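This report covers a helix and the aromatic contacts of the structure shown below.

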Amino acid sequence: MKKVLSIALINTALLSTAAMSAEIHVGEMKERAVLAAQAKADAGDADGQFALGGLYYQGIVTKQDYAKARYWFEKAANKGHDKAQFNLGYMYYDGRGIAKDPAKAFYWFKKSAEEGDMKAQLYIADMYYNGYGTKQDYQEAFYWYKKTADGGYPKAQHEVAKMYRAGLGTNKDMAKAKEYLSKASQQDCADAQYDLGQMYLTGEGGVKNTEEAKSLMQNAYLNGKKDAKAVLDEHKWEELPPFEIQQLPQ
C-alpha cells in the first residue's frame, strides 16, 4: 500500500513538474514573440510594426494596450501596410480604445481598399452608401460593392443586386440583379435567398417560378431570415426542404 501511495505521489510530482515546465516554455515563447516583433518594429519593418500592434491590440501574449496598438498600426499604415491601415481604420470606426472618428476611419479604410484589402473595400462601400464619414455617393458605393462582390463576398453580392434592382448608382438591370442574388444565395446568404425568392414568387424581372421561390424561402429561413417564415406560412409550405427533412434525427 505504501509503495502504491509512493508511486502515486511521484507521478503527481512529475505531472506538476511537467505542467510547470510547459507553462514556463509557453511563457518563454510569448516573450520571444514580443521581442522579435519589437526588434523588427524598432528597425522600421512594417510587418513587424503591424505584428506588434496586433499583439498589443489582442492582449494575447502581452498586456492589452490599445494606445500602443494604435501607435504601431499607424507606423505600419504610413508605410502602406494595407492590413495595418484596415486595423487603424477599424479602431476609429468602432471607437476601440479611442474616440470614434468616422472621417479618420474612412480615410484609413480607403487607403487599405486602394491597396486591395476586400474587407476595407466593403466598409467604404457601406460608408459611401450611408454617407457615414464621407459624402453619400451611390456611384462610389456601387463601384466598391461590385469590386468586393466580384472578389466573392456574399454580402457585397447582395448589395450589388439591390442596387441593380433599384437602379441606384448604376442602371437598373434585373438580369444582373438575379445574377448577383444567385451568387450570394449559393453562399447561403439568407437575405439574398429571400430577395431572390420574392422575385421568383412575384415574377419581378420577367420570370415567375413558384417551386424555385419555395426552395429559396426554405433555405433563407434555415439560414436565419425570420421574414421567410411568414412567406412559408402564407403559402402553406414546409419550413424545411425535403433533403433537410430526411437528415433530421429519428
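How many aromatic pairs does the structure hold? The structure holds 20 aromatic pairs, where rings of Phe, Tyr and Trp (its six-membered ring) pair if their centres lie within 6.5 Å, and planes under 30 degrees apart count as stacked, over 60 as edge-to-face and the rest as tilted. Two of these pairs are tabulated.

| Pair | Centre to centre | Angle between planes | Class |
|---|---|---|---|
| Phe50 and Phe73 | 6.0 Å | 40° | tilted |
| Tyr90 and Tyr123 | 6.3 Å | 80° | edge-to-face |

The model is predicted: local features need pLDDT of at least 70 and side-chain atom pairs pLDDT 80 or more, while totals for chains, interfaces and linings use all residues. Residues are numbered from 1 along each chain as its sequence is written, and side-chain values use heavy atoms, without hydrogens and water.

Phe50 lies in helix α2 (residues 46-58) and Phe73 in helix α3, so their pair ties together parts 23 residues apart in sequence. Helices are DSSP runs (H or I, at least four residues), numbered from the N terminus. Phe73 is buried at 1% relative accessibility, whereas Phe50 is partly exposed at 24%; buried means under 20% relative accessible area, exposed over 50% and partly exposed in between (1.4 Å probe, protein chains only).

In α3, Ala69, Trp72, Phe73, Ala76 and Ala77 are buried. Seen down the axis of α3, the buried residues fall within an arc of 140°, so they line one face of the helix; the arc is that of the directions from the helix axis to the C-beta atoms.

Terms used:
Helix = DSSP H or I, 4+ residues; strand = E, 2+ residues; numbered from the N terminus.
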